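Look at the chain below before reading on.

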Amino acid sequence: MWPSRDYTRLTIEAQAPVKYEVLSVSNPDRIVLDLETDMTPALSELDGKLVADDPYVKGLRVARNRPGVVRVVLDLKTEVRPEVFTLAPVGEYGHRIVLDIRPVVEVDPLAQLIEGKAKEPQQQVARFATIVIDAGHGGEDPGALGRRGTREKDVTLMIARRLKALIDNEPNMRALLTRDGDYFLALDVRVDKARKVKADLFVSIHADSYKRSTARGSSVFALSERRATSELARLLAQKENQSDLIGGVKLGGKDDYVKKTIIDLSQTATIDYSLRLGNSVLSRLGSVNTLHKAHVEQASFAVLKSPTIPSILIETAFISNPDEENRLKDRRYQDQLARAILDGIRDYVAKHPPRPASSLALN
């Protein structure tokens, strides 16, 4: 189970496909999931996966309903909109049944942004620069794994939280995290959150791996409309774009905006500004870590495909390198990385201040 403010996900994995039936019941509100299988130790222990602060589920019961059928009952805290779908085996995962428990009224990123901004401006500004920080991976998608077991999804979230705190202390900036917990977010959802708050910048944080453990250094990437600027950039983009397959995305019903984003090739100006932002951040990262490449690379990263928001993806270090893995786990080093990224953002915003004509002005 992966609880979050956005939604709670329950995933059941099996070696073979499992038939199921799901229904919603009211008075009191609950979800019933019937599985055509025998009781197993994993199913009998499923109630132990529930946490007290789950926003949507207050109780979970598992029992044999009738011969060959196990019933899972989720008692709800509020009215929800359940979505259930199956996923074929991918990577290390077998056949999965995924139950997403979503609020009837989705969490509004703009309201979340305003709610989370407690500070008062220290000086008069035309408006705040809104930076969306994307902690890569999450939930069932751990990202890259270090040799000592460090998970990319944990490192990226810690650095993203530190960067948000630093940005929120700036007099002319504010930040929103795409995720603030260990749960899966589809790539298009990350982009859509930035669009909904009319973000000025989008910064995605990662810590990738490579087949050679000697690979090291920080890198910054922008979108490429055509070919990747290097083989490594192409491989990284291919790997990051597979997150939806690993984390599981219900196919069909995609937002028209996202469809347009995927095929839109009129992003030349936005990519140019993304490269400027990337160069500012890369030069600052060079004071904290070795640079894997001294220039901003480009590839077709799905998470960078916003036609109007300058967007970069930062590979803070190679988690596959034992030395860099150790540094990534160090809180002081995480803080150094966050401060370097902030300095790069600050340099960019000084040269390219956000347009004052905005519905978000001083919200």
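Which residue just after helix 4 takes a positive phi? K198 does, with a phi of about 50°. This is a predicted model, in which local features need pLDDT of at least 70, side-chain atom pairs count only at pLDDT 80 or more, and totals for chains, interfaces and linings use all residues. Residues are numbered from 1 along each chain as its sequence is written, and side-chain values use heavy atoms, with hydrogens and water left out. Helices (H or I, at least four residues) and strands (E, at least two) are DSSP runs, numbered from the N terminus.

**Helix 4**
- Helix 4 is mostly covered, with seven of its 10 residues buried (under 20% relative accessible area; exposed is over 50% and partly exposed in between, with a 1.4 Å probe and protein chains only).
- The buried residues of helix 4 are L187, D188, R190, V191, D192, K193 and A194.

**Helix 8 with helix 10**
- Two packed helices are described by the angle between their axes and the distance between the axes.
- Helix 8 (residues 268-285) packs with helix 10 (residues 331-351) at about 140°, and their axes are 8 Å apart (axes are lines fitted to C-alpha atoms, for helices over the stretch in contact, and angles run from 0 to 180 degrees between N-to-C directions).
- Helix 8 and helix 10 are therefore oblique to each other (under 35 degrees is roughly parallel, over 145 roughly antiparallel, 65 to 115 roughly perpendicular, and the rest oblique).
- On the helix 8 side, the contact (heavy atoms within 4.5 Å) includes Y273, R276 and L277; on the helix 10 side, L337, A340 and I341 are among the residues.

**Helix 9 with helix 10**
- The axes of helix 9 (residues 322-329) and helix 10 come within 5 Å and cross at roughly 85°.
- That angle makes helix 9 roughly perpendicular to helix 10.
- R327, L328 and K329 of helix 9 meet R331, Y333, Q334 and L337 of helix 10.

**Aromatic rings**
- There are two aromatic pairs (rings of Phe, Tyr and Trp, its six-membered ring, with centres within 6.5 Å; planes under 30 degrees apart are stacked, over 60 edge-to-face and the rest tilted).
- The rings of Y7 and Y183 have centres 6.5 Å apart and planes at 90°, so this pair is edge-to-face.
- Y7 lies in the segment before strand 1 (8-14), while Y183 is in the loop between strand 9 (173-177) and helix 4 (187-196); the two are 176 residues apart.
- Both Y7 and Y183 are buried.
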